[in-house]
Amino acid sequence: MDAAQQAVLAKILSGPRGRIQGPLRAALHNPDLSDKWQALGALLRYGTSLSPRHSEIAILVTGRACNSPFEWYAHRIEGEKAGIEAPVLEALLAQAEPPGLSEDDAIVWRYAVELNRDNSVSGPTYAAALERFGARTVVELTALIGYYTMVAMTLNCHEIPLPDGVSPAFPLPQHEAPK
């Protein structure tokens, strides 16, 4: 690594992540990109008005929608830490509506599902999120989902491996040559 890459790595290691893994391994090839990436990621993970539980529901929906085994693996652990129950995690993995969600959890889940599926959300879903959480949180939720879509694409495209001994929770995306 050159000096600029080492400086960004030091920022990452001294920040809330405390380690480098996942997409930042690829982004570090461009120190300016990785520096801005890690700052945006830290803001969206640790500096929004979303609860850790709601952030992790949205991230898990996104990781699964993008078929990103690494994102799913990393955020399932974070989801468990945030108190997401096993039946909810299993439903998210199966891309099904989780059982027994609170109204707030259901709004976040529906918003994330629609945004990933349709690249937007329906009027009723947007209105419910806006009424319950307010404009700031809805903007943060949208940004979080968009950011983790970028993360998932980077993980998949650059085939960032799961840790040794970890099997993917679902089949890995396959790279195929264009026809």
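Reader: Leaving aside its neighbours within four places in sequence, with which residues is L44 in contact?

Author: In this predicted model, L44 is in contact with E140, A143, L144 and Y147, once neighbours within four places in sequence are left aside. L44 itself is found in helix α3, residues 31-46.

Reader: How many residues apart along the chain are L44 and Y147, and what separates their C-alpha atoms?

Author: Sequence separation and spatial separation should be read as two values. L44 and Y147 are 103 residues apart along the chain, while their C-alpha atoms are separated by 8.2 Å.

Reader: Where is E56, and which residues does E56 contact?

Author: E56 lies in helix α4. Apart from neighbours within four places in sequence, E56 is in contact with R45, H75, E78, G79, A82 and I84. Its relative accessibility is 4%, and therefore E56 counts as buried.

Reader: At what angle do the axes of helix α4 and helix α9 cross?

Author: The axes of α4 (residues 52-65) and α9 (residues 135-157) come within 9 Å and cross at roughly 40 degrees. That angle is why α4 is described as oblique to α9. The crossing of the two helices is right-handed.

Reader: Which residues make the contact between α4 and α9?

Author: From α4 the contact uses S55, A58, I59 and T62, and from α9 it uses L141, L144, I145, Y148 and T149. Sorted by class, six of these residues are nonpolar, three are polar and none is charged.

Reader: What does S55 touch, not counting residues up to four places away in sequence?

Author: S55, placed in helix α4, touches T48, L50 and L144 under that condition. With a relative accessible area of 3%, S55 is buried.

Reader: How many disulfides are there?

Author: A disulfide is a covalent bond joining the sulfur atoms of two cysteines. Here the count comes to zero disulfides. C66 is in no disulfide, and the nearest cysteine sulfur, that of C157, is 13 Å away.

Conventions. Residues are numbered from 1 along each chain as its sequence is written. This is a predicted model: local features need pLDDT of at least 70, side-chain atom pairs count only at pLDDT 80 or more; totals for chains, interfaces and linings use all residues. Side-chain values use heavy atoms; hydrogens and water are left out. Axes are lines fitted to C-alpha atoms, for helices over the stretch in contact, and angles run from 0 to 180 degrees between N-to-C directions. Helices (H or I, at least four residues) and strands (E, at least two) are DSSP runs, numbered from the N terminus. Angles under 35 degrees count as roughly parallel, over 145 as roughly antiparallel, 65 to 115 as roughly perpendicular and the rest as oblique. A crossing is left-handed if the near helix is turned anticlockwise from the far one by less than a right angle, and right-handed if clockwise. Contact means heavy atoms within 4.5 Å. Ala, Val, Leu, Ile, Met, Phe, Trp, Tyr, Cys and Pro count as nonpolar, Asp, Glu, Lys and Arg as charged, and the others, Gly among them, as polar. A disulfide is a pair of cysteine sulfur atoms within 2.5 Å. Buried means under 20% relative accessible area, exposed over 50%, partly exposed in between (1.4 Å probe, protein chains only).
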